Amino acid sequence: MTNAVEIDHLSKDYGKLRALDNIILSVPQGAIYGLVGPNGAGKTTLIKTLVGTLKPTTGSVKVLGLDPLQDKWKLRKHIGYMPQTAALYDDLSAKKNILFFGAAQNVPDLEKKADDILAFAELTDRGNDLVRTFSGGMKKRVSLCCALIHQPKIVFLDEPTAAIDPHLKIESWNLFRKLAKSGVTLFISTHLMDEALLCDKVTILGNGKIIAVDTPQKLLERGKTKLKYSENGEVKESILDSTPESLANELQKLGLNQNITSISLQPDNIENIVLGIIGEKQNSESTG
Amino acid sequence: MNTFIIARRILNQLQGDKKYLALSIIAPLIIIYFLKLLFNAFPPNVPITNFTIPIGALIVHFLSFLLCAILLVQERTRGTLERMLISGYRRTSIIGGYTLGYLGLATIQAAAVLFESLWLFNLDYSGQTIFLLFIVIWLLAVVSVMLGIFISTFAQNEGHVFPFIPLIILPSVFLTGLIIDTNTLPGWAAFIGKCLPLHYAVNIIHEIIKPTYSLSSTYLDFTILIGYIFLLWILASLTLKETE
């Protein structure tokens, strides 16, 4: 099975600024793939290159085995794109927005599919209301519906949960999981590091470069865990690697010592781990 | 097919934004009324009938250009233009859809301006003359919509449209024969005037309102005005970027 996305030595320059630097990446089909990094890391530039609105300066990109520039009309039938801004018509209803973007691909039974997708996004009751009356989170869901109406094989979501409340964020991720279960590949960019944990695999991007590619579990293991315990009334601390083996070793050392009356483990949060990885990489580049 | 879908969407949008719709029709009517107040103050020997319809045409030209350019730039800034392209709409469909969609509005503007001018200034023209005047203003409105689409391809935000007003609209006021005969201008200034579409609309209007008018005297000007529509269509299709 070919990968959903293949990126080979991709660089993109805006004048003298190098926005993407020698990106090599592959995304398996059916995965929820996270692109994580701070603002300005190059996430949107990478997504726009993948959907064919930006031309690579060097290197090549394939999405579903097709070139986003050469085969754009063939590819656009199979890709969905949810930009960072809602990118909707405020003076049209949610359903009319969905119908408009769906009509571009001559989707059969468009009316019915629009109703189905509104139900999927739990927006049936508001389908005929003007988008301008919607909250930011609801606009994001309408935007997702517009990206999905033609039943794409891969969907690119640029910061889909930025600036929405935690409850809606959970609902959005439930929608993403439903989609992934149905076989759709999701390529999600986010600057919210905790969302990396919800992906199957993650690429960390910093200053246009790939800093790390890993599963969320392996990323967590790159952090440190603070072990705190009380022995004979004295509080002791040690910093361990977060790998299961390292934790097991340390706990074995402590054994079942009856003098130890409490133990707590405080693993690094993902935000610190990701920022630490980016910082380490940038330090090594500036010194090397 | 997609052209009609985009045109229908634009009409739906205009319906949904009644304030914008009302303003774009009422604003030219108010300006024509101000023109009437201005002309009332002129000495009686000034031939104001030579200026009335051409100035009405200028107002339609300016508003159609500006509204279309700004709304298409808004598509870019809001990300809907990019989304349209990624969804599968082609740029020729987008330009065609915009032209068709805004033609509805431009037609209403042209008719409203013409009939208000005829009424306010007591212009007693024959039915054929009124029909031809409407056709000229309507054609100019189409050119203006195309010009708006073309100019919008150079603008990254709404503010970028405004520098084009002194570049295109103001020279149209001074150099196209609207106020003074272009033959009295220096050669280079007359040349600039002849590059602007309003020049040909003004020429046709001046001919049409003559009692001795014959269609053959305006064939060339009509052809050039229609030529502008195709030229701007091609230019807009070439400059509307799908990729950067």
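In helix 4 of chain B, the buried residues are B:Thr80, B:Leu81, B:Glu82, B:Arg83, B:Met84, B:Leu85, B:Ile86 and B:Ser87. Happy to take you through it, with the reminder that this is a predicted model. The helix is mostly covered, as eight of its eight residues are buried. The cover includes parts of both chains: helix 1 (43-51), strand 5 and helix 3 of chain A, together with helix 3 (49-78) and helix 5 (91-120) of chain B. Just past the end of helix 4 of chain B comes B:Gly88, with a positive phi of about 120°.

Strand 5 of chain A (residues 79-82), which is part of the cover of helix 4 of chain B, is itself covered on both faces. A:Ile79 and A:Tyr81 are buried on one side, and A:Gly80 and A:Met82 are buried on the other. Strand 5 of chain A pairs in the parallel sense with strand 6 (residues 154-158) of chain A over four bridges. Within strand 6 of chain A, A:Leu157 stands opposite A:Met82.

The buried residues of helix 4 of chain A pack against helix 3 (94-103) and helix 5 (136-148) of chain A. Helix 4 of chain A spans residues 110-120, and A:Ala114, A:Ile117 and A:Leu118 are buried in it. Seen down the helix axis, the buried residues of helix 4 of chain A fall within an arc of 105°, so they line one face of the helix. On the other side of helix 4 of chain A, A:Lys112 and A:Ala119 are exposed. A:Glu122 follows helix 4 of chain A and has a positive phi, near 55°.

Further along, in the loop between helix 4 and helix 5 of chain A, sits A:Leu130. A:Leu130 has 17 other C-beta atoms within 10 Å, so it is partly exposed; a buried residue would need 20 or more. Leaving aside residues up to four places away in sequence, A:Leu130 touches A:Asp90, A:Asp91, A:Leu92, A:Ser93 and B:Gly16. A:Leu130 and A:Leu92 are 38 residues apart in sequence, yet their C-alpha atoms are 5.2 Å apart in space.

The axes of helix 9 (residues 197-208) and helix 10 (residues 219-239) of chain B come within 9 Å and cross at roughly 150°. The crossing of these two helices of chain B is left-handed. From helix 9 of chain B, B:Pro197, B:Tyr200, B:Ala201, B:Asn203 and B:Ile204 meet B:Asp221, B:Phe222, B:Ile224, B:Leu225 and B:Tyr228 of helix 10 of chain B. The residues of this contact divide into eight nonpolar, one polar and one charged.

Two stretches of strands in chain A round out the tour. Strand 1 (residues 5-14) of chain A pairs antiparallel with strand 2 (residues 17-27) of chain A over seven bridges. The two form a hairpin with two residues between them, and A:Gly15 in the turn has a positive phi of about 60°. A:Tyr14 stands opposite A:Leu17 of strand 2 of chain A. Strand 1 of chain A is also joined by five antiparallel bridges to strand 4 (residues 58-63) of chain A, where A:Thr58 is the bridge partner of A:Ser11.

The other stretch is an open, antiparallel sheet of three strands of chain A in the order 11-10-12. Its edge strands are strand 11 (234-241) and strand 12 (260-267) of chain A, and the twist averages 20° from one strand to the next. Helix 8 (residues 244-254) of chain A packs on this sheet, touching strand 10, strand 11 and strand 12 of chain A.

Technical notes
Residues are numbered from 1 along each chain as its sequence is written. Chains are lettered from A and ligands numbered from 1 in the order in which they are written. This is a predicted model: local features need pLDDT of at least 70, side-chain atom pairs count only at pLDDT 80 or more; totals for chains, interfaces and linings use all residues. Two strands pair if DSSP finds at least two bridges between them. Axes are lines fitted to C-alpha atoms, for helices over the stretch in contact, and angles run from 0 to 180 degrees between N-to-C directions. Two residues are in contact if their C-beta atoms, placed from the backbone, lie within 7 Å. A residue is buried if 20 or more other C-beta atoms lie within 10 Å of its own, exposed if 12 or fewer, and partly exposed in between; C-beta atoms are placed from the backbone. The arc is that of the directions from the helix axis to the C-beta atoms. A crossing is left-handed if the near helix is turned anticlockwise from the far one by less than a right angle, and right-handed if clockwise. Ala, Val, Leu, Ile, Met, Phe, Trp, Tyr, Cys and Pro count as nonpolar, Asp, Glu, Lys and Arg as charged, and the others, Gly among them, as polar.
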